[in-house]
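Reader: Please present the structure, and then let us discuss a few of its features in turn.

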Amino acid sequence: MFSFPNIAYFIPLLPLLGFLVNGLGRKHLSKGAIAWIGSGVLALAFAASLVVFLNLPSGGPTLLNAFDFIRIGELRIPFAFQLDALSSLFLLIITGIGFLIHVYSSAYMHEESAEHYGRYFAYLNLFIFSMLLLVMGANYVIMFIGWEGVGLCSYLLIGYWFRKPAYTQAANKAFVMNRVGDLAFLIAIFWLIARTGSVNFVDLPAALSSLSSSDITWITMLLFVGATGKSAQIPLYTWLPDAMAGPTPVSALIHAATMVTAGIYMIARSNLLYTAAPLTLNVIAVIGIATALLAASIAIRQNDIKKVLAYSTVSQLGFMFLAIGAGAYGAAVFHVMTHAFFKALLFLGSGSVIHAMSGEQDIRRMGGLKKVLPITYFTFLIGCIAIAGIPPFSGFFSKDAILLSAFLKSPILYGVALFTALLTAFYMFRMFFLTFGGTFRGTDEQKHHLHESPLAMTLPLMVLAVLSVIGGWVGIPELFLHGGERLIEFLSPVIPVVEGHAISHSTEYLLMGLSTGLVLSVIFFAWTRYRQYRSEESSAPFARLLENKWYVDELYQTAIVQPLHRFGGWLRSFFEPKIVDGLIQGVGRSIRYISQQIRLLQSGQTGNYALWMVISIVVILSIQFFVRK
Amino acid sequence: MPINYYLFLSLALFTIGMVGVLTRRNAIIIFMCIELMLNAVNLLLVAFSKMHHLKNLALNASVGTDGQLFVFFIMVVAAAEVSVGLAIIVMMYRNIHSVDIQFLNRLKH
């Protein structure tokens with residue numbers, strides 16, 4: 001029971017248990033009990049994930065068949081879990097970082113009342129449960145259940161403070177945008193069932209031969225559209241920045257460990273299909289790099305500390321899709337991992353800053369926090385360096401792997417990606433210097449309240465900071481260390497390694513040196529520019545364009561949302577009262593009219609009835625006699 | 001005597017009875033008309049049965065007697081019905097002092 005592989009059942013069941021206990025008992029449990037239960041189940045799930053990770057047999061996947069989920073004729077969809085290199089890696093990330101975020105939340109959300117505190121932890125646990133289901137599922141249908149669960153939980157958590165209409169709107173936006181992608185995902189599943197009769201991942205290699213190339217292209221495209229919804233890529237990315245309405249730890253959870261990585265996971269899981277669809281890969285590469293560039297350019301001019309981080313997430317996800325588009329699935333998964341470390345760190349750090357600033361999120365009113373928040377300052381700096389990509393921090397290795405794959409795909413992609421990486425370094429350090437450098441620019445009251453966060457919040461920061469430093473060492477390129485790229489090798493049962501880097505060592509050194517040097521100079525530039533705060537009010541059209549996020553939200557508003565609203569209004573004011581109601585009331589009215597006429601037959605005169613009887617008998621007899629001879 | 005005569009007589013009696021039931025309002029007359037219709041049917045039954053009996057006499061002596069048996073049943077039922085019907089009419093007269101069936105449509109209201 002407690003040994004491999006059956007222990008894997010506990011990994012999703014424990015958070016589910018936590019959800020039930022906290023959700024049902026939120027009115028009876030104390031805050032301390034809720035926090036202990038919520039975090040405790042995650043700690044146990046992490047331990048179980050470790051057992052799975054350490055006992056994982058090399059080679060093929062381990063399948064755990066619970067029961068048949070769907071059985072119709074020939075079609076059989078088992079409720080099964082698949083344990084292999086990819087899913088066990090994700091299990092560690094989700095439960096590990098999820099645990100840290102739970103611990104952090106226990107302090108961050110302490111001002112909530114016990115009932116809402118319980119609701120919060122119940123949602124968090126359900127979120128983790130759904131994500132675990134998503135990565136453990138052995139076929140697309142189980143994955144889809146988790147996929148939907150994640151979407152639901154993001155809706156619940158983004159709209160956690162549901163009394164503010166703007167927040168519930170953000171929650172709705174996230175949910176509706178995800179649904180668009182979900183529809184495509186669902187169609188892809190149906191397509192796969194119709195063509196191959198199976199949705200199991202283990203059947204994919206066999207399915208590949210029975211699919212025509214246009215089938216593969218369509219299925220992969222639809223799956224990718226599903227991924228753009230969940231992983232916030234063009235055109236479905238605008239929900240993610242709005243998702244900042246949720247509590248900060250939730251943002252960390254959505255952006256680092258769960259939800260947005262689901263799209264990457266799904267594509268990495270189906271890498272066999274994608275490799276057979278070069279057209280889709282090209283589309284993914286272009287969408288990925290475009291998203292990365294667009295989001296990075298927006299992040300430069302944002303002043304909300306969480307918005308900057310949100311756009312940086314969108315941008316980093318774009319990088320991961322670029323890697324996928326270049327065929328380097330391993331690099332994408334590697335970046336998911338390192339990104340989970342430093343993005344969780346940055347979000348939790350920003351939460352610590354917001355906590356200290358009594359809810360202030362505008363970096364123009366911060367500054368000089370270095371002295372009062374030493375731990376946050378130091379860990380945040382590590383996170384910024386990691387995301388900027390300076391060796392030997394984790395972000396450098398994963399980003400370098402992506403840049404290298406982009407270079408092998410096309411030098412143009414490489415150029416744009418490098419430029420985006422420089423933008424990343426610039427906006428991260430702009431935010432960093434504005435927040436921690438210079439002098440304090442907030443109100444006196446805020447200054448009075450400034451304090452370093454409690455240990456429950458700083459401890460996860462420190463753990464994540466350490467991981468952000470060393471997390472990348474599992475993927476040190478062959479160049480520096482013989483027997484490097486351990487992660488790629490570890491993932492090789494799931495993601496076949498493409499042999500033959502057609503690139504010389506000197507070129508590789510050159511590319512690395514180039515990116516590192518440029519990033520360092522960009523950071524220096526940011527330092528000279530934002531060391532001392534100065535107002536950035538600018539009326540230059542391009543700056544305004546960036547400040548307003550390229551007017552994409554407005555575009556969607558006018559092109560899609562408002563026509564739909566108008567259409568809905570038309571339905572309400574014309575279609576519903578005139579046509580639908582008219583039809584229904586017409587049926588009712590005509591029946592009433594006919595009844596009124598027929599009622600007159602029932603006169604109450606016996607003679608009348610007898611007359612009708614005689615007439616009817618005569619009619620029936622004559623029919624019998626004359627017609628039906 | 002040819003069967004046609006019986007047929008026409010019976011038809012005439014039945015029609016008279018039917019028209020009487022449909023047009024008259026006096027309950028006793030309606031009652032009599034119903035009896036008339038019953039008797040028209042009786043006449044027909046007896047006539048046909050006699051015809052069959054004569055035709056098949058050589059074959060079997062009992063052929064065509066069941067029609068005449070029916071008639072006895074009908075007469076018995078008619079007698080029973082008369083006793084019930086007259087009782088109803090008497091009660092009706094006691095209650096509304098009339099035997100006009102047009103007064104009996106009060107359930108409608």
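Author: Chain A is divided into domain 1 (291–545) and domain 2 (556–627), with bounds from an automatic or database domain assignment. This is a predicted model, in which local features need pLDDT of at least 70 and side-chain atom pairs count only at pLDDT 80 or more, while totals for chains, interfaces and linings use all residues. Residues are numbered from 1 along each chain as its sequence is written, chains are lettered from A and ligands numbered from 1 in the order in which they are written, and side-chain values use heavy atoms, without hydrogens and water.

Reader: Is A:Arg269 buried or exposed?

Author: A:Arg269 belongs to helix H11 (residues 261–269) of chain A; helices are DSSP runs of H or I with at least four residues, numbered from the N terminus. Buried means under 20% relative accessible area, exposed over 50%, and partly exposed in between (1.4 Å probe, protein chains only). At a relative accessible area of 5%, A:Arg269 is therefore buried.

Reader: Which side chain does a polar contact of 2.7 Å join to that of A:Arg269?

Author: A polar contact is a pair of N or O atoms within 3.5 Å; within protein, one must be able to donate a hydrogen and the other to accept it, and residues adjacent in sequence count only if both atoms are side-chain atoms. At 2.7 Å, the partner of A:Arg269 is A:Asp84.

Reader: Which residue follows H3(B)?

Author: Helix H3 of chain B spans residues 66–96. With a positive phi near 55°, the residue after H3(B) is B:His97.

Notes
Helices (H or I, at least four residues) and strands (E, at least two) are DSSP runs, numbered from the N terminus. The expected span of a helix is 1.5 Å times one less than its number of residues.
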